[in-house]
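Q: I am new to this structure. Could you take me on a close look at the part where the strands come together, and then at what packs against them?

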Amino acid sequence: MEKSGVPIWEKVTLTIGEAAAYSNIGINKLNEIAGKPGCPFVLYVGRKKLIKRKEFEEFISRSSEI
């Protein structure tokens, strides 16, 4: 999943697919979490949903259940 040649762990934002591969959390579950109002790690670029990697990592480290 490195179309741009930049490794996932160095990207600022990830697509839903990249975030799913990176975290081992399913695409449907990520879409569900990211679609909630006030989600701390989602960034909308038009209709495209991107995941802010650092905030996503912090969210995962604070969560005991997803």
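A: Strand β1 (residues 13-14) pairs with strand β3 (residues 48-52) in the antiparallel sense, over two bridges. Here two strands count as paired if DSSP finds at least two bridges between them, and strands (E, at least two residues) and helices (H or I, at least four) are DSSP runs numbered from the N terminus. Within this pairing, Leu-14 stands opposite Ile-51 of β3.

This is a predicted model, where local features need pLDDT of at least 70 and side-chain atom pairs count only at pLDDT 80 or more, while totals for chains, interfaces and linings use all residues. Residues are numbered from 1 along each chain as its sequence is written, and side-chain values use heavy atoms, leaving out hydrogens and water.

Now to the other partner of β3. Strand β2 (residues 42-45) runs antiparallel to β3, joined by four bridges, and Tyr-44 has Lys-49 in β3 as its bridge partner. Two residues lie between the strands of this hairpin, where Gly-46 takes a positive phi near 65 degrees.

Next comes helix α2 (residues 27-34), whose buried residues are Leu-30, Ile-33 and Ala-34. Because they cover an arc of only 95 degrees around the axis, they sit on the same side of α2; the arc is that of the directions from the helix axis to the C-beta atoms. Buried means under 20% relative accessible area, exposed over 50% and partly exposed in between, with a 1.4 Å probe and protein chains only. These buried residues of α2 pack against β2 and β3, and also against α1 (16-23) and α3 (53-62), with contact meaning heavy atoms within 4.5 Å.
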